[in-house]
Structures are given as C-alpha cells and as structure tokens.
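Take a walk through this fold from the inside out. Start with the packing, then move to a sheet and the surface.

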Amino acid sequence: MAIIPARNEQTVIARAVCRLPPDTVIVVDDYSEDGTAEAARAAGAGVVLALPLPRNAIGKANACATGARLLTSRWILFTDADTWFEAGFLSAAVALAEAGGISLLSIYLEPQYETLAERILLPYARALFFCGANPKTNPAAMFNGQCLLVRREAYLFLGGHGAAAAQLVEDVKLAMLAQRHRSKISIASAAGLGHARMYRGYSGIRNGIERHAFRFTVVSPWLGISIFFAALAMTLWLPALLWLAKDRQWIAAALFALLPAALLRSWYAPLAIYGMLPILLRGLISILAVKPILWKGRTVRAVS
C-alpha cells in the first residue's frame, strides 16, 4: 500500500495516484486549502483527513502517521505528491528490500526539471549534496523521505512518523532511530522507474534547500560545512579562468572554461555556481539563527 501525504497539491496529485497500481493508494489530506482531496478521490485514491496537528509537529510527518494507522500490509510506501512511477516500480522496490533484509529503503527518483531556474540550479545542488555525504558510510544523512519504503513491523517498532513528528527532516530522524535499534536501512536509485519534480521554480528551490539544510544539524554539522566550502571553492573557477586568459594561456583557459559544464553535464553550470551561493548562505543563516521557516503555508521551527 502507498501513502501520499498532500497539502495544496491539486495540480499534481492525480498523476501521483494514477501512476501507482489501482486500489493501493491512500492520500492523507493535510488540511489543504485547494481541491487536493477532490482531485485525489477522482483519480481513484482513498482519501482521509490528517489527524489534528499536535503542538510542534510537522504536517507531513503527522499525515504519514495518520495514513500508517489504517494499514496492515507488510510493506508501506510513503511518497510525495510530486512523484510518479513507471509500471513495475513497486514490485521491484519490494523485491530489493526483501532480498536485502532491509527495513527502511530510501529511493532516489529521477529528477525532472521544468523551469529555467530548476535546470540551472538543481543539477549543481544535487552534485554538491552528493559530494558532502556518502551513502555507504553515512546512509542516514542521505535518507530522503520523498520516496520511502518501510517494512511495517519495523516501522511500528521504531514509533513510526510519530517518533519524528517534530522534526523538519523526519526522514533523517527515522533513519537514525532505525540505526540505533539495529534495523537495516539502505539507499537505492529508481533507475528510471520513478520520477520527481522536487522543487517548483526559484522560490521552491530556495525554500526547499533552506529546510533541508537542517538535516546537517541532526546528523553532522561537518557535512553541511563541507558542502558549503565546496560551493565556495567552486566560485574560484571564474577568477582562475580570468587569470589564465590574462596570462594568455589560451589552451588551458579553454579547457578550464569547459570544466564546470563537463563535470555537471550542463552548459548552465557556470550560472549555477554563482546562483546557488546566496541560497546556500540563506540556509546557513537559518541554521545558525535557528529561525522559523515557511513551509507549505505554515511557519515551522527546527527542534533538536
């Protein structure tokens, strides 16, 4: 069974529902202010209203916990409304988890970009994230709740999403709880069987990265610091290029000019290097100031 927590997702919820097997989807409406519930119901999903939001709880975790209480299936897939899947995804994911004895499996979906800001910034943001975290040595740091398959018995033993209800990064908290109780967790790639549009436009990228920056306060501040300094180091690209050109090292300058595009497989890469810096700085300031952030129309505050 699949649970989709949704708040104000009227434009995308039908696609998410229709791309999963029939009669397997429950959409938990997190008090949407648009027609999310109606669109999900018309697409064939069962729809329930999330339980009242407890004090200090985050809406997504509360909605996931609400849906999980209704299910008795061996496996539960938690997936966001901005995801969609190809035929065979669910059976392949369950087969992988069963074969590996995995209790919690975080699945990275193939990113889809629509706006110019998404095409410029998100491949670079993704590269920075993977340069700072290693899924083999620290899988909890890379846990992504956008698409999360859980063995129900282990999930309930850990306390489910209720145990991470106050966390901005509930996915990381769940992974850390699993590690503490020696439940096996793992990271996988959907390899073309699953897709996601994670952030919508520039404002979505800015707010999303600000929220996800808090994962490093939960796991390891050094991971966040390494990512930020990697981004700073990349800004030396243009001064170095200008220095090579000024010194008339034309061949070296030409090769160096192509380096960011070659690394990121995108000619937008030079723009991303400098466009991402203020977004990362905003996230850093939010962490240091422990300031509330706006997410899904609600003001939320990080807790340790």
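This is a predicted model: local features need pLDDT of at least 70, side-chain atom pairs count only at pLDDT 80 or more; totals for chains, interfaces and linings use all residues.

Residues are numbered from 1 along each chain as its sequence is written, and side-chain values use heavy atoms, with hydrogens and water left out.

Begin with the interior. In soluble globular proteins, nonpolar side chains tend to be buried together. A nonpolar core here is a set of buried Ala, Val, Leu, Ile, Met, Phe, Trp, Tyr and Cys residues joined through side-chain atoms within 4.5 Å. Buried means under 20% relative accessible area, exposed over 50%, and partly exposed in between (1.4 Å probe, protein chains only). The largest nonpolar core has 30 residues. Those with the most contacts inside it are Ile-4, Ile-13, Val-27, Leu-77, Phe-89, Ile-107 and Leu-109. Among the elements that give it two or more residues are strand E1 (2-6), helix H1 (13-18), strand E4 (75-79) and helix H4 (89-100). Helices (H or I, at least four residues) and strands (E, at least two) are DSSP runs, numbered from the N terminus. H4 gives the largest share of this core, 4 residues.

Now look at Leu-77. Contact means heavy atoms within 4.5 Å. Not counting residues up to four places away in sequence, Leu-77 touches Met-1, Ala-2, Ile-3, Leu-20, Phe-89, Leu-90, Cys-147, Leu-148 and Leu-149. A second, separate core has 28 residues, including Phe-129, Ala-141, Ala-272 and Ile-273.

Next comes a sheet. Two strands pair if DSSP finds at least two bridges between them. An open sheet of 3 strands runs in the order E5-E10-E7, with mixed pairing. Its edge strands, E5 (83-85) and E7 (110-111), each pair on one side only. E5 and E10 (residues 194-196) run antiparallel, joined by 3 bridges. Thr-83 stands opposite Ala-196 in E10.

Turn to the surface. Phe-229 lies in helix H10 (residues 221-234). Phe-229 counts as exposed because its relative accessibility is 52%.

Finish with Ala-14 in helix H1. Is Ala-14 buried or partly exposed? Ala-14 is partly exposed, because its relative accessible area is 30%. Ala-14 touches Ala-39 and Ala-43, not counting residues up to four places away in sequence. The C-alpha atoms of Ala-14 and Gln-112 are separated by 17 Å, and the two residues are 98 residues apart along the chain.
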